[in-house]
Amino acid sequence: MKLQLLRNATLKLDYAGTTILIDPDFGSKHSRPSFTGRSPNPMVELPVSTDEILAGVELVIVSHLHADHFDKIAQELVPKHLPLVCQPGDEEKIRSFGFTDVTPLTERLTYEGIRLIRRDGNHGSGPVLEKMGNVIGLTIEADGEPSIYWAGDTILYPPVRETIATSAPDIIITHSCGAEWDDLLIVMDAEQTIEICRIAPEDTRIIATHMEALDHATVSRDDLQDYANAHDIAKHKLLIPSDGEVLHLSAPNA
């Protein structure tokens, strides 16, 4: 499989013969307001053009409707006929953007031999949860391919631990920028990401994303790498790709 981190949560995945686009955010640098007063968002440009991102895409996944996961530009540019998978409750809003093939991921579904399984996520804790709204993660599986647990916009909490324990994924993709809202953590930070490394199976690789793009983040790539080094996490265990970087990955026994 081939995985390209584009920016923040936006991923392009070539998997089991299908090209999947996850959480497209196409806005240009500084095109949206700041969260904290530190910088307008996004803080960086996309590493490639939107035409290049969309080339070959056959399936779109949108985990929730925050602008950094499905912004107005992506809503306009993503071809409306493409099958789009979303969390339950978002389907009518997405259809209102003109998309004609929208399927909520209630539990699980199969697309061209690829199995998608909904996973729970908490976009924060306590009073901030209602402000952030519902989100989902998902497991992606196919015969002959490494299994992926894409945790999405979630902190580390018991259902995430349970998903890792019960599904033993080959790859875990985390959102690890330590973003905060009302002084509360709303995605994983360095400490929680390293805890994921510790509780994951020995052969599982963790890919940390959603970094250095938004001004309410508190953890940079260097911060995370330094924390991993200080806690003796092997470099092959935790991958921290740059924007635009392509990773080629296979199942452990492939």
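Student: Why does Asp-143 count as exposed?

Tutor: The model is predicted, with local features needing pLDDT of at least 70 and side-chain atom pairs counted only at pLDDT 80 or more, while totals for chains, interfaces and linings use all residues. Residues are numbered from 1 along each chain as its sequence is written, and side-chain values use heavy atoms, leaving out hydrogens and water. Asp-143 has 68% relative accessibility, and exposed means over 50% relative accessible area, buried under 20%, partly exposed in between (1.4 Å probe, protein chains only). Asp-143 is therefore exposed.

Student: What makes Arg-115 and Asp-143 a salt bridge?

Tutor: A salt bridge is a side-chain nitrogen of Lys or Arg within 4 Å of a carboxyl oxygen of Asp or Glu. The N to O distance between Arg-115 and Asp-143 is 3.5 Å, so the pair qualifies. Arg-115 belongs to strand E8 (residues 114-120), and Asp-143 to the loop between strand E9 (136-141) and strand E10 (148-150), 28 residues apart. Strands (E, at least two residues) and helices (H or I, at least four) are DSSP runs, numbered from the N terminus.

Student: Why is Arg-115 called partly exposed?

Tutor: Its relative accessible area is 30%, so Arg-115 falls in the partly exposed class.

Student: Which class does each residue of the salt bridge between Arg-7 and Asp-25 fall in, buried or exposed?

Tutor: The N to O distance of this salt bridge is 3.6 Å. Arg-7 in strand E1 is paired with Asp-25 in the loop between strand E3 (18-22) and helix H1 (50-54), 18 residues apart. Arg-7 has a relative accessible area of 1%, so it is buried; Asp-25, at 1% relative accessibility, is buried.

Student: What makes the pair Asn-8 and Asp-68 a polar contact?

Tutor: A polar contact is a pair of N or O atoms within 3.5 Å; within protein, one must be able to donate a hydrogen and the other to accept it, and residues adjacent in sequence count only if both atoms are side-chain atoms. The side chains of Asn-8 and Asp-68 make such a contact at 3.0 Å.
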